[in-house]
Amino acid sequence: MDRLLFGDNQFFGVNHMSEEKARAQLMQFRDVDAMMSVLDAAYDEGVTTFMCTTHDRVAEICDRVRANPSRYADFTFFPCMPYAHKYANAVTDEGVLGAVKKFLPQEGLLDAAMRGGMSLAKKDIEGVATLLIDAEMKMFHGLRTPVIFLQNVVVDFLLGLGFDEAFRIFADHVRKRYGAEPGYITMNLPKLLDVLERVGVDNPIVCANINKIGFRMCGGVEEYERAFETRRFRAIAMSVFASGAIPPAEAIEWICKYPQIESIVFGASSRRNIRSTRELVDRYSPKMAHAA
């Protein structure tokens, strides 16, 4: 994994501290040209991995990258699924059957339909889950997707239910069908690591809020530090600035003192902010920094 990953929160009006800023960003990125302008800036700064949801607008970005293979030769996607609002909206607009038809993969349509129908009839959770993964991956056909993530809204829900086997199902399917590594996003890193170890997901890739003040870190900073010291996993830090509560230099310096954190995912709306973050990472972890 690259040291720096570019996230998509700013494109879809997600800001955990300011609704006003979220609305402004939603307006700023109301078309794909505006999003591509920032992605181009990140790419030219050497941040070539885009960690993104499976929002419908991301499909437009995928189309742009596919259409310009020489320009985006090193462009990498880290899909994060599912984008729950997409399914809810589709069911509202088209009904359950219409939504299923909309999201079925084109490749192997009959196989997917049969698998889904038989799974639903048998209440076979594994079959339904793999069908939905394939539906989410449809937009990334032909693109580089070496890591595929399960979103925290699902990860933490499954943790609460105690449906631990779902994490193995996800891992097995993305490895077998897509040749990718499974990744998990969570707000409860310590508990997730326990479960992944129990179901046999070895050395997992886990993305979690990790920051100096413990913002949205279940169990607090001390629990996460203990995990760094005692557990084998590949950490990706998100919310490192705690939605603006920590000055950038202070936030990055703190993150970079933990060698167990392989990558940092961040969002930005301008080339200046992208460059500033990259330069801070270069300064505080020069041996691990992504080349510009």
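Mentor: Let us begin with a term: a residue counts as buried when its relative accessible area is under 20%, and as exposed when that area is over 50%, with partly exposed in between. Please keep in mind that this is a predicted model.

Trainee: Is N203 buried or exposed, then?

Mentor: N203 has a relative accessible area of 17%, so N203 is buried. The residue is found in the loop between α9 and β6 (205–209).

Trainee: Turning to the peptide bonds, what is the geometry from M81 to P82?

Mentor: That bond is cis, with omega near -5°. Most peptide bonds are trans. P82 is found in the loop between β3 (76–81) and α4 (84–103).

Trainee: Now the helices. How do α8 and α9 cross?

Mentor: The axes of helix α8 (residues 165–178) and helix α9 (residues 189–199) come within 9 Å of each other and cross at roughly 70°. That angle makes α8 roughly perpendicular to α9. The crossing is right-handed.

Trainee: Which residues make the contact?

Mentor: From α8 they are E165, F167 and R168, and from α9 they are L192, V195, L196 and V199. Sorted by class, the contact has five nonpolar residues, two charged residues and no polar ones.

Trainee: What do the side chains of E165 and R168 form?

Mentor: They meet in a salt bridge, with an N to O distance of 2.1 Å. The two residues are three apart in helix α8, so about one helical turn separates them. Both are partly exposed: E165 has a relative accessible area of 33%, and R168 has 23%.

Trainee: How many salt bridges are there in total?

Mentor: The count comes to 21. One of them joins the side chains of D194 and R231, at 2.8 Å from N to O. D194 lies in helix α9 and R231 in the loop between α10 (221–230) and β7 (234–238), so this pair ties together parts that are 37 residues apart in sequence. D194 is partly exposed at 39%, and R231 is partly exposed at 24%.

Trainee: What about R271 and D44; where do they lie?

Mentor: R271 is in helix α12 (residues 271–284) and D44 is in helix α2 (residues 32–44). Their side chains meet in a salt bridge of 3.8 Å, N to O. The pair links distant parts of the chain, 227 residues apart.

Trainee: How accessible are R271 and D44?

Mentor: R271 counts as partly exposed, at 36% relative accessibility. D44 is also partly exposed, with a relative accessible area of 43%.

Trainee: Which residues are linked in a network of salt bridges?

Mentor: The network links D40, D44, E45, R71, R271, R275, R278 and D282.

Definitions and conventions
Residues numbered from 1 in each chain as written. Predicted model: local features only at pLDDT ≥ 70, side-chain atom pairs only at ≥ 80, totals over all residues. Heavy atoms only, no water. Axes fitted to C-alpha atoms, helices over the stretch in contact; angles between N-to-C directions. Helix = DSSP H or I, 4+ residues; strand = E, 2+ residues; numbered from the N terminus. Parallel < 35°, antiparallel > 145°, perpendicular 65-115°, else oblique. Left-handed = near helix turned anticlockwise from the far one by under 90°. Contact = heavy atoms within 4.5 Å. Nonpolar A, V, L, I, M, F, W, Y, C, P; charged D, E, K, R; others polar. Salt bridge = Lys/Arg side-chain N within 4 Å of Asp/Glu carboxyl O. Buried < 20%, exposed > 50% of the residue type's maximum accessible area, 1.4 Å probe, protein only.
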